[in-house]
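Student: I have not looked at this structure before. Can we go through it step by step?

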Amino acid sequence: MSFVLQLRQLPHADGLPLPAYASTEAAGLDLSAAVDPDAPVVIPPGGRGLVPTGLVIALPPGTEGQVRPRSGLALKHGVTVLNAPGTIDSDYRGEVAVILINTGTEPFTVTRGLRIAQLIVSPVTRVTVKLADDLGETERGTGGFGSTGV
């Protein structure tokens with residue numbers, strides 16, 4: 001399935017690459033930090049920061065954008081997306097920004113152009129909510145939080 005992702009680059013993202021897949025089979029488009037080159041975002045250990053991408057996107061109706069961590073940042077620096085996956089609704093037209101958290105032991109500096117997250121565009125299934133007295137029985141029942149094993 002293929003969709004067209006329309007976007008606008010804000011002035012503070014001039015010169016940065018557009019979101020792109022890093023390989024032919026990559027699921028996510030890399031998002032880059034659109035921070036001022038003279039004012040990088042420094043995230044202290046245990047701290048968080050909101051990092052702009054300089055992008056406004058128009059997702060196709062019936063889709064969502066999922067902002068996910070980059071595995072290399074997580075493994076090498078303990079930096080991940082705080083609300084992963086972050087959801088971008090198809091009717092949102094503000095700047096895409098990424099909430100990063102530093103779970104590592106050293107301050108982490110987000111510099112201009114650093115690939116900070118991935119964007120996955122996925123179809124969304126909408127439902128109609130209906131109250132019901134009987135939801136039916138299942139083998140699992142009410143078991144949760146590890147009830148099916150470790």
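**Cavity, sheets and annotated residues**

Student: Which strand gives the largest share of the lining of the largest cavity?
Tutor: This is a predicted model. Strand 3 (29–32) and strand 5 (48–58) each supply at least two residues of the lining of the largest cavity. The largest share is three residues, and they come from strand 3.

Student: How much space lies in the largest cavity?
Tutor: The structure holds one cavity of 30 Å³ or more. The space in the largest cavity is about 50 Å³.

Student: How many residues of the lining of the largest cavity are nonpolar, and how many are polar or charged?
Tutor: The lining includes Leu 16, Pro 17, Leu 18 and Pro 19, as well as Asp 30, Ser 32 and Thr 53. Sorted by class, the counts are one charged, three polar and seven nonpolar.

Student: Which strands stand at the edges of the sheet of five strands?
Tutor: This open sheet has the order 2-3-11-6-8, with antiparallel pairing.

Student: Which residue in strand 8 does Gln 66 stand opposite?
Tutor: Strand 6 (residues 63–68) pairs with strand 8 in the antiparallel sense, over four bridges. The residue opposite Gln 66 in strand 8 is Thr 87.

Student: What is the average twist from one strand to the next in the sheet of four strands?
Tutor: The order of this open sheet is 1-5-9-7, and its pairing is antiparallel. Strand 1 (6–9) and strand 7 (79–81) are the edge strands, each pairing on one side only. From one strand to the next, the twist averages 40 degrees.

Student: What do Asn 83 and Asp 89 count as, given their relative accessibility?
Tutor: Asn 83 is in the loop between strand 7 and strand 8, while Asp 89 is in strand 8. Buried means under 20% relative accessible area and exposed means over 50%. Asn 83 has 39% and Asp 89 has 46%, so both count as partly exposed.

Conventions. Residues are numbered from 1 along each chain as its sequence is written. This is a predicted model: local features need pLDDT of at least 70, side-chain atom pairs count only at pLDDT 80 or more; totals for chains, interfaces and linings use all residues. Side-chain values use heavy atoms; hydrogens and water are left out. On a 1 Å grid over the protein atoms alone, a cavity is a set of points where a 1.4 Å probe fits but cannot get out, and a pocket is an open set with protein on both sides within 12 Å along at least five of seven lines; lining residues have an atom within 4 Å of a point. Grid points are joined across faces, edges and corners, and a volume is the space filled by probe spheres set on the points. Ala, Val, Leu, Ile, Met, Phe, Trp, Tyr, Cys and Pro count as nonpolar, Asp, Glu, Lys and Arg as charged, and the others, Gly among them, as polar. Two strands pair if DSSP finds at least two bridges between them. Axes are lines fitted to C-alpha atoms, for helices over the stretch in contact, and angles run from 0 to 180 degrees between N-to-C directions. Buried means under 20% relative accessible area, exposed over 50%, partly exposed in between (1.4 Å probe, protein chains only).
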